[in-house]
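These notebook entries record what I looked up, item by item. The structure is shown first.

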Amino acid sequence: MGAWPKTICLSRRELIKLGFGFAGAAALGEIAGQRAARADDLPPTPIQFTPFTRELPIPPTLAPVAPFATDCQFATGTIPNFYTVLMRKAFTEIIPGMQTEIWGYEGLYPGPTIRGRMGQPDVVRQVNGLDVETSVHQHGGHNPSNSDGLPFQDQLIFPGNFKDYCYPNASAGSSSGAGDPNDNPTNAWYHDHATDITGQNVFHGLAGFYLITDALEEGLISSGKLPAPAFDVPLVLQDRRFNADGSLFYNPFDHDGFLGDVFVANGKAQPFFRVQRRKYRFRILAGSNARMFFLRLSSDAPFLQIGNDTWLLPFAIQRDRILLAMAERADVVVDFHDAPDVVFLENILLQDSGRGPGGDLQNPDVQIPGTPLVKFVVEGPNVANDATIQAGDLLRPNTPIDAAEIVATRQFEFNRSEGAWQVNGQFFDENRSDANPAVGSAERWILKNGAGGWWHPIHIHLEAHQVQSFNGQAPPVYNSFKKDTTLLGPGDEAEVFIRFRDHLGRFVMHCHNLEHEDMRMMVRFDVR
């Protein structure tokens, strides 16, 4: 194999500017990046290291700043919290002993955690200190179109500029009444969403948690049902690939989806984390470009799932293993009371291609034991007066969307043509709206994977969707309530209901394999 360059100089966007278009850029990618189609065809990271020698870092919480002049306006008249975030390059240690340049919010990888509260608006000024365009999407947020972080030319933050994002933190439906607190978010996150270069920007570090609370969740914590904040751990799982000097290696022409070969948790390669013999809450985010995670504990202890994607579940559900595609989240409680002294969080999924793993969604290819991602070092005696949460305990009620509310049915087939991605046989055009739901209405959307052997996690902006059926069958109970990202394996079809509330204007739905997204596997919809 010949030597690979550290970087590939022409981006998709530069090819498009040169007149190749999306299909032309895709065809060039098939030539220039054909050896990058599978992870084992890429040169492996040429750095040897001993795993579990660095401690798992916890992203710091971003502090509010003094109020500043802004165009943000909120219907409640409540004075918002103000934040500023500088996107900039910095060096950090991902692999032990190596310094890696990242692009980070506040120069951090992952970015600082922003903590919001329902009823208290936030204004977040994102300042672009990088030399690439950016756009910041609050994933799982119920926000106005102009603050959604859309991948449109008029929404980009160009180098040296800033944009104020206006987050109402108001219950969905509040523009026409009290709103529905059952749809209040918990586990959102924020990440780059720039046109054509989301994969590159996120791979270099532009992602962080945006955690939101309300009186109900605070009551679950203060009553002792859920673990206290000291035992509540945001955990983003990713994969990265490196050059010999520690710099990141990324190939923008890998249209299947780019895979790394070093597993990273909260910005550290295979870290360890000291835990007491008590219950811990882990807010797990699958933050990779194209890699999925099928999680188990090496002790065979179960997870107690309390949330799915952005929202708390109606009740806690015990699960032995959890499959997460890109952008999906699992809010879980792990009980270390009777655990051995060492427990590993493992990924048992076998995946060597950005297309997805082998097998299908019901029976993906696995290997046990899996790849260890985080080493839990369990210390001390059992802790008394621990969190009381158990399987079946009630959490946040769910307000179902009734079939009688549905006013329209739309079908979206995600397919491949001319080496590029389409939806319903069309290439994406940001100036074309492919659906125009009415505000205050509910619709049925049929999401179908017609793209052969590729897997597609479909993310719908603005609103939660409720999965009614999957391949004609009832969905698993943990996917039966609110989702913002639904994984479609080869040939899969999901029927989902969505309510459209409060916010008018442009929004998008797209595949969250970031290389598919950048090649415009996307639909614009306008709420009117």
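I looked for charges over rings and found the charged end of Arg 319 over the ring of Tyr 478, 3.3 Å from its centre. Such a contact requires NZ of Lys or CZ of Arg within 6 Å of the ring centre and within 35 degrees of the ring normal. Arg 416 lies over the face of Trp 421, 4.7 Å from the ring centre.

I noted that the model is predicted: local features need pLDDT of at least 70, side-chain atom pairs count only at pLDDT 80 or more, and totals for chains, interfaces and linings use all residues. Residues are numbered from 1 along each chain as its sequence is written, and side-chain values use heavy atoms, with hydrogens and water left out.

I then turned to aromatic pairs, of which the structure holds 27. Rings of Phe, Tyr and Trp (its six-membered ring) pair if their centres lie within 6.5 Å; planes under 30 degrees apart are stacked, over 60 edge-to-face, and the rest tilted. Tyr 167 and Tyr 210 are edge-to-face, at 5.5 Å and 90 degrees.
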